[in-house]
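Take a look at the chain and its ligands below. This report walks through a few parts, one at a time.

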Amino acid sequence: MIFFIIIVGLVGALGYFIYNLDLYKSYNDYNTKEIDKLEEDLKNERTINSETLKKLNTVAYTNPITKLGNIDYFMDETKKLFEEEPDEDYTLIAFNIQNIGKINQLFGPTEGDNVVLHAARSLRKVGQRERHLFAQIYSNLFGMIVKGKSEEYILSQVTELTNLLQDYSENFTVLSSFGIYHITNTSQPIMEMVNACMLAQKFVKDPEKCNYVFYSEELEANFKQNKQMSQEMEEALEQHKFLMYLQPMVDLKTFRIVSAEALVRWDYPGKGILSPYAFIPLFESTNLVQKLDYYMWEECLKTIRRWIDNKIKPTPIAMNISPIHFQNTKFIDHLDELCEHYLIDKNMLILELPERGITNGGAQIKEIITTLKEHGYTLCIDNFGSMNSPLNLLRDYPIDRIKIDRSFLNQNSDTEEGMSILRYLIAMAKEVGLMVITEGVETLEQTNLLSEIGSDVAQGYFFSKPVDLREFDQLNHSMVQRVYQSNEYYPTFEDLEKDLDLIAFMLGES
Ligand code: C2E
Ligand code: MG
């Protein structure tokens, strides 16, 4: 019996191999000899053999490996369909394997090819059963025309395909990303429809959470704006349109400013001062953030140098390090060079490493963090609590501080249970010798609670919003020199002077 199964298996495999070989052979043959012959026949106005024409058509319309229809097939058949049934509603769904590059890199190109074959099989299964028109538009872009516009039905197709794709392997996840375009005008060029899907796909940010986006005109406008911003970025850097704002961090025992976080703003022509949320995610998706960070770090070092040169006591500055830098150690050399160039002691700098870049980072991240530490930088995990990282992160990396995320504080500071979580987290961090900073402190109540449960430092609108350098210098001067050293009266912060509660609190302290 086993012998019989083996023989059947071998014969099957041999058949499949010959079939593929034949297809390759026919593809190559017809793309060379037969096409030459066809050209010769046409030149001599001889009739073409109908068998040759059929084979040529098959070759011209089929992807030789997956045997799905190709882009020419897709364009011709879609046109035919729209002409035959012009009154139907149609939707184009296009998808690709989002992590095919990673799969090729980690498991080899043969595995990558197999995943593409699997995608083709999945599409064929759904497409044939549902009678969609489907094709392999490019090597890693598949498309299908679905009749109708019902969102429920369209998403059921997306979900089924997503699940089929994910069934490929237990060793890794096949991530797909879908762009969906409701066709409003069937005479629109098909490639424009495909482009609309591809544009929508670009807005799939985290395919593990949500792997589809519907095309819309706003999306297109957003895309154009993003493109424009990316193109303008370098010029804006040269023209110093990116501004460094500083937000003080205040010691909860002495109420002195002990450091400041550098936060970028873009002075954008016609739009005013833009928040980093309007451009940092975009620049992170294109690696442009590297240049921006380099610029900001240099601004920080120049500022510290200016303080020193003007005999102003320098305030240590916390700089944001985008996770994009964690791909290699180049940025550490750059930081070292900046410190040498501006003659700045590394203990004047705090590097904020976002939790999202560290969690699941593995050995490479650990190596980078260790190198940074060896080079003498003070390291802080930024946005701690935003990713539910395991607490052993605190023990396993040579870090000095954690900055508890604003959302974590907001979620927990209102309830007893939440406060217990905060208290526990702070106790754990202190147990392993870390300084705790809490971000997003907006009220006196929060300040008092945090002080009680052991947070060392606070940052938030309660103390000050991020301000430009000139304002920071004034704020720093007033806080350090007048209020917190002499303890005579509370400083006249623009944001806080009307806060009677705070004044009462401060008077009580003095
Ligand atoms: P982040 O590093 O978590 O910075 C803290 C953010 O919280 C800042 O937003 C700050 O203005 C805001 N914030 C501080 N206190 C309060 C508060 O009491 N209430 C509220 N509602 N918000 C508060 P911002 O300046 O808009 O920066 C947003 C994010 O952009 C930063 O989050 C950081 O991840 C990123 N970013 C800013 N500058 C840079 C930069 O130069 N390089 C990189 N890579 N990222 C930057
Ligand atoms: Mg930060």
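Which residue in β3 is the bridge partner of Thr-91? The partner is Val-146. Keep in mind that this is a predicted model.

Strand β1 covers residues 90-97, and strand β3 covers residues 141-147. The two run antiparallel, and six bridges join them. Strands of a sheet pair through backbone hydrogen bonds, either parallel or antiparallel.

Now widen the view. The sheet is open and has five strands, in the order β2-β3-β1-β4-β5. Its pairing is mixed. At the edges stand β2 (133-138) and β5 (212-214). Each has a single partner strand, so one side of each is left without a neighbour in the sheet. On average, neighbouring strands here are turned by 20° against each other, direction ignored.

Helix α6, residues 151-166, packs on this sheet. The helix touches β1, β3, β4 (176-183) and β5. Its direction makes about 155° with that of β4.

## Around ligand 1

How many residues surround ligand 1? There are 22. The closest are Arg-265, Asp-293, Asn-383, Glu-442 and Tyr-461.

Some polar atoms face each other here. In the side chain of Asp-293, an N or O atom is 2.7 Å from a nitrogen atom of ligand 1. Arg-406 has a polar side-chain atom 3.2 Å from a nitrogen atom of the ligand. For Glu-439, a polar side-chain atom lies 3.3 Å from an oxygen atom of ligand 1. On its own, ligand 1 has 790 Å² of accessible area, and the protein covers 90% of that.

## The magnesium ion

Ligand 2 is a magnesium ion. Its protein donors are Glu-261 (OE), Asn-320 (OD1), Glu-352 (OE) and Asp-382 (OD). They lie 2.1 to 2.4 Å from the ion.

The donor residues follow the spacing E-x58-N-x31-E-x29-D in sequence. Distant parts of the chain are linked here: Glu-261 and Asp-382 are 121 residues apart. Glu-261 is in strand β7 (residues 257-268), while Asp-382 is in strand β11 (residues 378-384).

Most residues other than glycine have a negative phi. Which way does phi of Lys-67 go, positive or negative? Lys-67 has a positive phi of about 60°. This residue sits in the loop between α2 (50-61) and α3 (71-84).

Arg-131 also has a positive phi, near 60°. Its place is the loop between α5 (109-130) and β2.

How values were computed. Residues are numbered from 1 along each chain as its sequence is written. Chains are lettered from A and ligands numbered from 1 in the order in which they are written. This is a predicted model: local features need pLDDT of at least 70, side-chain atom pairs count only at pLDDT 80 or more; totals for chains, interfaces and linings use all residues. Side-chain values use heavy atoms; hydrogens and water are left out. Two strands pair if DSSP finds at least two bridges between them. Helices (H or I, at least four residues) and strands (E, at least two) are DSSP runs, numbered from the N terminus. Axes are lines fitted to C-alpha atoms, for helices over the stretch in contact, and angles run from 0 to 180 degrees between N-to-C directions. Contact means heavy atoms within 4.5 Å. A residue is near a molecule or strand if one of its heavy atoms lies within 4 Å of it. A polar contact is a pair of N or O atoms within 3.5 Å; within protein, one must be able to donate a hydrogen and the other to accept it, and residues adjacent in sequence count only if both atoms are side-chain atoms. Accessible areas come from the Shrake-Rupley method with a 1.4 Å probe; for residues, only the protein chains shown count as cover. Donors are N, O and S atoms within 2.8 Å of the metal (3.2 Å for Na, K and Ca); water is not among the atoms, so sites may look incomplete.
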